[in-house]
Amino acid sequence: MIENKYRQLAALKKDKALFFKAGAAECALCPDMGGRIFCELDGFAPHRIDLAAAAAPSDSSFNNYGGCTFWPAPEGGSFGFNYRGDEWYVQPAINSQCFRARKTGLNSARLDKQITLVNRAGASLDASMQRDFRLPDGLPEMLQGRALVAHVAYETKDVFKIRNRVRDSEALIASWTLEQFAASGDTLSFCLVDRPEAAINFDFYDHPGDRIFYFDNGFTYRTDGRRKGQIGIKKAAGARCIGYVDRSRNLLCLRQNLGSRSGKFFNIADNAQPQGPYSAADDYSIFNSDESMQAFELETVGGAQVAGGILKGSELVSSTCFAIFKHAKDLAAFLEEILGSKKTEASSP
């Protein structure tokens, strides 16, 4: 009997995905599903996985498979890649065009494809899109010495290179990873950052209100897949990482943006961006869905590379680590240790 959706996905994609063993854990890298990454540890698949979409992908509507995907930012605004006029859509280059596996090894792989993107302003970008995947050695320092049942970690380097001449007054592009997880009443996201009250960008949707709590060393966001919302974490805040806990499974996830902060950061939000593309500059984001999807996302964002007013591309290096603690009390103590004491609830402006 198949135990979880990851096993079902692995059986479905056995001839098309690349599989990587990490002890008792496994990761799947899927070139024909937008280069998405899925994983399993201790018989549990933490990602949201849409098996129906994986079995019968669409050429027209969005294939929201779940997992860890690689997208172009911005989503909305005058330079958005996800709009034709006022219609939200995902371009074929992202939604259905397959990657090619160029380099594969025991613990690493490279995927790439040549794509064309058109933004909301009508600018056409000819680009290469490349994802490098690898399994690093060891655990993040903050998890070393902890009593764990299982763990798995991976890193990605996601790169856009623009091949035609496009000015930054016509278009912007940033590498953007969206890692999607199944939400429940036991899933809680967090960010480790100094001065958390000043770190959050609330410029996406409605203010999440009492879903946000501030602590000495960061904040939490109740991501239970019951109310649509999104926040950004300002690049200037210098966040150390984002993550989540699933208290029903003693599961911890940590995500880090390891990329350079030297690029041009801009507003990635899925909204009109009335103050223009430079009205925000975030290097992390957290999304919470409504009940129709029951998921949430931990996102990392890169900056645009611009030289002499010409758009060159973007590069983003991200790491993800999952760890299952042996004891619920140890996970609770870990969260208290890294966040510190609770300070205040975030109130709507």
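Start by selecting strand β11 (174-182), which gives the most to the lining of the largest pocket, with three residues. Strands here are DSSP runs of E, at least two residues, numbered from the N terminus. You're looking at a predicted model, where local features need pLDDT of at least 70, side-chain atom pairs count only at pLDDT 80 or more, and totals for chains, interfaces and linings use all residues. Residues are numbered from 1 along each chain as its sequence is written, and side-chain values use heavy atoms, with hydrogens and water left out.

Stay with that pocket: about 450 Å³ of space lies in it. (A pocket is an open set of points on a 1 Å grid over the protein atoms alone, with protein on both sides within 12 Å along at least five of seven lines; lining residues have an atom within 4 Å of a point.) Show Phe 62, Trp 88, Phe 287, Met 293 and Glu 297, the closest to its centre of 22 lining residues. β4 (67-73) and β20 (295-301) each supply at least two lining residues as well.

Next, pick Lys 5, Phe 44, Ala 45, His 47 and Ala 182, which lie nearest the centre of the second largest pocket. Its volume is about 280 Å³.

Now go to the largest nonpolar core: of its 72 residues, Leu 125, Tyr 154, Phe 219 and Phe 322 touch the most other members. Such a core joins buried Ala, Val, Leu, Ile, Met, Phe, Trp, Tyr and Cys residues through side-chain atoms within 4.5 Å, buried being under 20% relative accessible area with a 1.4 Å probe, protein chains only. Finish with a second, separate core of 19 residues, including Phe 215 and Leu 254.

Methods: Buried < 20%, exposed > 50% of the residue type's maximum accessible area, 1.4 Å probe, protein only. 1 Å grid on protein atoms, 1.4 Å probe; cavity = no way out; pocket = protein on both sides within 12 Å on 5 of 7 lines; lining within 4 Å. Points joined across faces, edges and corners; volume = space filled by probe spheres on them. Helix = DSSP H or I, 4+ residues; strand = E, 2+ residues; numbered from the N terminus.
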